[in-house]
Amino acid sequence: MKYSIRNIALAGGVMLALMADAPAQAQIVAEAELTRGSKGHFLTEMMINGQGPYTVLVDTAASATFLMQTTADALGLTETGGHGGMAQTATGQVEITLYNLESLVFDDLDFGAVRVVGAPADHPDLAMDGVDAIIGADLLGDYLLEFDQSNGQIRLHESAAELTSNMDDWIEVPVRSGIAGLLFTDVTVNEANVAALIDTGASRVIVNMSTAQVAGYHHGDPRASMDDPLIGFGGTQSQAFKVTGADLEWGDLIREDQTITISETPVFDAIGLSDGPAMIAGAPLFGQRDFVIDYTRMAVWISPLEVQ
C-alpha cells in the first residue's frame, strides 16, 4: 500500500481559581492526565505495543503521528519496507523512516495497528520533558478534543458529541480545514488580520515578516530582540526575533501585551501561508484556559476564564 506524508508542521517547533462550567461528560471515548511541559507543550501518556506508559505530545499541527528514534529503538521496531520519504518540519525537510505499530492505546481507546513516522533525531525542546512520541491530526482528527486545564485532563469524545450545553459563556471561534486536514483560523495582531495554523504542539506564537510589517514592527525596532532559533528535527535552524507588547485577538478572545516570535521559517511555505501575513498559533495563544477543538463542526470553543 502506498503511504505518503504530505506535511508535518511542528513549530517548536503551568489553584485557586474562578472556573467556568466544564463541558458535559457524555460520549467520552478516552480520558487521561494532561500536563504542560517546560516549554508549555501539551503532554499526556499512552501505551505503545503494550509497553509504557510513554510521554506523548498532543500536536494538532502534525499531519502524522511520530515516534522519537530512541523510542523506536527501545521498542525494537524495524523499518517498514521501502523509502519513507521526506517530511516538513519547522525549519526544513528531513528524511524519515516509517514503522508499523501493533497497538497505540490512549486510556481505553486502542487506535489499533498504526503506521507512524520515525523522527530522525530527538528534538532538544521535547527531550527536556522526556517526550517519546507525538500524536498528530491523523488520529486526533477523528474525535472532538477537550483540553480541561482546570482539572488537568485531556478527553477524546465521539466526533458527534454535543458539549455546548454547558458552554454558553465560552468563546466560539470558527476554523477551516486546510492542507493535510490541518486546522486554520484568523487572528489579528495589532488589528492586522493574519491567517493562522492552530498548533497545540508549538511552544511559541510565530509570525512571518509580512505579519510583522502589517502589525507595525520594522527593521531595527527597539521592541525587537533576538529569540532562541527555531530548531527542526533534522537539527536545522531558523533565525528568530521576538517582540513584546503585541495585542492578539482571536474571535472575542483578547490577549494583550503578548510576546510573539518573528521568523521566516520554511513551514509557512509548506502549509500554504507564504503569500501574506501568517502565524503559527501555538500553545501560548490558549494560555491557561480550557478549550475544545471540534473537527466536525469546524470550531474551537475557549473558556473566558484562565486557570490561575
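Tutor: Two strands are said to pair if DSSP finds at least two bridges between them, where strands (E, at least two residues) and helices (H or I, at least four residues) are DSSP runs numbered from the N terminus. This is a predicted model, in which local features need pLDDT of at least 70 and side-chain atom pairs count only at pLDDT 80 or more, while totals for chains, interfaces and linings use all residues. Residues are numbered from 1 along each chain as its sequence is written, and side-chain values use heavy atoms, with hydrogens and water left out.

Student: Which residue stands opposite A281 in β25?

Tutor: Strand β18, residues 192-198, pairs with β25 in the parallel sense over four bridges. Opposite A281 in this pairing stands I198.

Student: Which residue stands opposite M279 in β25?

Tutor: Strand β19, residues 206-207, runs antiparallel to β25 and is joined to it by two bridges. The residue that stands opposite M279 is V207.

Student: Why does D168 count as exposed?

Tutor: D168 is found in the loop between β14 (153-158) and β15 (171-174). D168 counts as exposed because its relative accessibility is 72%.

Technical notes: Buried means under 20% relative accessible area, exposed over 50%, partly exposed in between (1.4 Å probe, protein chains only).
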